[in-house]
Amino acid sequence: MTGHGTSGTETGTGTSTGSGTALEVSGLTVELRTPRGRTPVVRDVGFSVRSGQTLALLGESGCGKSMTAQAVAGLLDPVAEVVGGQVRLGGRDVLRLGRRERRSLAGPQLAMVFQDALTALNPVYTVGSQLAEPFRIHEQASRRVARNKAVELMERVGIPEPGLRAKAYPHQFSGGMRQRLLIAMAVALRPSVLLADEPTTALDVTVQAQIMELLAQLRRETRMALVLITHDLAVVGEQADQVAVMYSGTVVESGPVAEVFAAPRHPYTRGLLDSVPAGHPRGSTLPSIEGSPPRPGSVPTGCAFRARCPLARDRCATDLPPLVATGPGRASACHYWKELADV
Amino acid sequence: MSETADTAGTADRAGTTGPTAGEPLLEAHGLTKTFRVPRSASGSTRLHALDGVDLTVRRGETLGLVGESGCGKSTLARVLLMLERPDAGTVRYDGVDPFTLRGKSLLAWRRRVQMVFQDPFASLNPRMTAGELIAEPWLSHPDLVPRSGRERRVRELLEMVGLRAGDARRHPQEFSGGQRQRIGIARALALNPEVIVCDEPVSALDLSVQAQVLNVLTELQTELGVAYVFISHDLPVVRHVADRVAVMYLGRVVESGPAEEVFTAPRHPYTASLLSAAPRPPTAAPQDGRSRRIVLFGEVPSPTDPPSGCRFRTRCWKAEQVCADTVPADEPAPGAPQHLAACHLPL
Ligand SMILES: Nc1ncnc2c1ncn2[C@@H]1O[C@H](COP(=O)(O)OP(=O)(O)O)[C@@H](O)[C@H]1O
Ligand SMILES: Nc1ncnc2c1ncn2[C@@H]1O[C@H](COP(=O)(O)OP(=O)(O)O)[C@@H](O)[C@H]1O
Ligand code: SF4
Ligand SMILES: [Mg+2]
Ligand SMILES: [Mg+2]
């Protein structure tokens, strides 16, 4: 996690084979251009993920998860702009690369899966030709070879009768199958890092379980690093090795999932875990975090969580709590994290 | 499912919510609803949204309705609210079939069953204030609250759902998602209903806000004795609020019974796979619910060409020939007469 990455020493193409750091993000700051001026939506975000591991970016809607992922992948909407930070991929800071060089990393180095598979696929081409495209562009494969690879890929992500289905169009697939296609497209060139932005949010639980299983299987096979973006605590608990909890544009706590969930060291993480209905008697009043998250334009001074925080005192209004190490591999951005660690 | 035979059983459980709690209030029998759709691959032009659904809602209780998208939950809700006429089957409310009512008695009935949606403002006028939105139902029920008392009643309702009286003058877009859902609940309460059908009421809300809204619903039930039909695809949420639960698959109720029993000892393979597929919340007890994960093959078949026999058979790991040949009847679990499952080979 933040502050103890090791990527600086890695060189070359970075298709990490060991358990080295595949991606390290630090100090990432993204601003949104609005009619009323610039608003920071991602503030000083840092995390890192090792090959073959899963890091979850966990947070409620609007906290900046997608912006973070899009900034890392170089796919930000034109209204948003990276104004600071580093994104180290295979030893290089991709934010310093030219547009062309950066684009050449998309696919073989870093790929992204979006939540909405229908808008991410082109409706007018067969899925076979869309899946063949990366091989034609990046590997200069012939039409026939690329097509065979596309069919292989469809088989690998569990699409029945791939040879036949390659001739079909995206709308002829169910939601779950479309998400498989999108994953197939993302992993075609065996990227070392895969960013998956709420890949199962639109799907039903039985299909969600299949897709999660597929991602885990691909990660094991290719030892890629997976950045799993989600608002679902249960998904994090089951799928991730490490977690970075985001609130209002920044990481407020990070560490190994099991440790963070067993003993959170930020009042926000603690509040989230407490408000999960499971574990409370049926019908009982659930502990809840009062109020709602601040809007990007009106984030309070000091700690962004202070208006909702049971531990808040004067200092929280004046001093921005930095993300500091609280133990091996763990960090918290709360002035009073020790009070949580003690109980 | 057929649940008329067991009116006595759950009375004690629901009895905490009011003097008349526990007696059947809303009963549905054999509800069937199809929609005309463009011809499918097999030539069918009928989509079977509901296929013989039986359901009972008792006074003061919460009935959880779960199932994956497209299984017919919202259609069932719309039939129970008389927004949709079933092709077959009956609805009884307090013994009366609301579809036979006309004029004043129909209006009086409409007041008693209200609805809360996932996004309460999706279909409402954004220029109206919260107060106007809450008061709007009184336009069609003018005798319920005298004109002079309406402003005060709006303030009361706002406070009941945890908002401030002064919020009456604000517009929907000034509220957060959780506050908007509170306004939706206040609007539903304006007519003093006996049943509120909540269709995915917290699904669009963030976890930290979801708990607040669930608490509001629980408190209101304790105070007012209102019954809920609580529709959700989120099993832990349903488990928290429901007294009884009905599990739907492809237009049918496949399992129903006391929530705790269904969740801890599911009998229908579909219920078991649904429980097992849902990621386990980090705070759940380790031995809770399931011992091994069942990852189902495939996806839900199209409701235009539902499988014969048991509708789950194409994805069921236990399926045998009988499952294709015969529609399974609701059978009670041994020693648990209210816990019904429609499966030839129950777990
Ligand atoms: N294209 C955009 N234009 C304006 N605001 C945006 C845009 N994209 C995102 N935002 C805002 O930036 C913030 C962060 O958004 P996002 O990264 O999408 O959050 P998350 O993925 O965690 O839900 C939100 O407040 C959102 O409203
Ligand atoms: N007005 C309609 N016309 C055609 N099909 C419909 C209509 N309303 C619902 N359906 C279909 O009926 C089935 C059940 O839908 P619905 O009750 O909304 O399910 P749920 O609420 O469980 O997701 C779905 O296949 C849906 O597409
Ligand atoms: S810094 Fe203060 S306000 Fe922020 S989480 Fe810690 S105690 Fe609460
Ligand atoms: Mg997002
Ligand atoms: Mg619905």
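Colleague: Hi! What should I know before I look?

Modeller: It is a predicted model, where local features need pLDDT of at least 70, side-chain atom pairs count only at pLDDT 80 or more, and totals for chains, interfaces and linings use all residues. Residues are numbered from 1 along each chain as its sequence is written, chains are lettered from A and ligands numbered from 1 in the order in which they are written, and side-chain values use heavy atoms, with hydrogens and water left out.

Colleague: Thanks. Which residues are around ligand 2?

Modeller: Around ligand 2 you find F35(B), L47(B), A49(B), E68(B), S69(B), G70(B), C71(B), G72(B), K73(B), S74(B), T75(B) and P303(B). A residue belongs here if one of its heavy atoms lies within 4 Å of the molecule.

Colleague: And what oxygen contacts does ligand 2 have?

Modeller: A backbone N or O atom of G70(B) sits 2.6 Å from a ligand 2 oxygen, and for G72(B) the backbone distance to an oxygen of ligand 2 is 3.1 Å. T75(B) uses its side chain instead: one of its N or O atoms there is 2.5 Å from an oxygen atom of ligand 2. Taken alone, ligand 2 exposes 560 Å², and the protein buries 63% of that. Those areas come from the Shrake-Rupley method with a 1.4 Å probe; for residues, only the protein chains shown count as cover.

Colleague: Which element gives the most to that shell?

Modeller: That is α2(B), with three residues. Helices (H or I, at least four residues) and strands (E, at least two) are DSSP runs, numbered from the N terminus.

Colleague: How does the shell around ligand 2 split by class?

Modeller: There are five nonpolar, five polar and two charged residues. Ala, Val, Leu, Ile, Met, Phe, Trp, Tyr, Cys and Pro count as nonpolar, Asp, Glu, Lys and Arg as charged, and the others, Gly among them, as polar.

Colleague: OK, over to ligand 1. Which residues are closest?

Modeller: Of the 13 residues that surround ligand 1, the closest are G62(A), K65(A), S66(A), M67(A) and P296(A). Backbone N or O atoms lie 3.3 Å from a ligand 1 oxygen at C63(A), 3.0 Å at G64(A) and 2.8 Å at M67(A). On its own ligand 1 exposes 560 Å², of which the protein buries 64%. Its shell has six nonpolar, four polar and three charged residues, and α1(A) gives the most to it, with three residues.

Colleague: What about ligand 3?

Modeller: Ligand 3 has 13 residues around it, and C303(A), R306(A), C309(A), C316(A) and C334(A) come nearest. By class, that shell has 10 nonpolar, two polar and one charged residues.

Colleague: Changing topic: what is the strand order of the sheet in chain A?

Modeller: The order is β2-β1-β4-β5 in an open sheet of four strands, with antiparallel pairing. Two strands pair if DSSP finds at least two bridges between them.

Colleague: Why do β2 and β5 of chain A each have one side without a neighbour?

Modeller: β2 (37-50) and β5 (92-93) of chain A stand at the edges with a single partner strand each, so one side of each has no neighbour in the sheet. β2(A) is joined to β1 (residues 21-34) of chain A by 10 bridges, and L28(A) stands opposite V45(A) in β2(A).

Colleague: How many bridges pair β1 and β4 in chain B?

Modeller: Strand β1 (residues 24-36) of chain B and β4(B) pair over five bridges. A28(B) stands opposite V91(B) in β4(B).

Methods
Polar contact = N/O pair within 3.5 Å; in protein donor to acceptor, adjacent residues only side chain to side chain.
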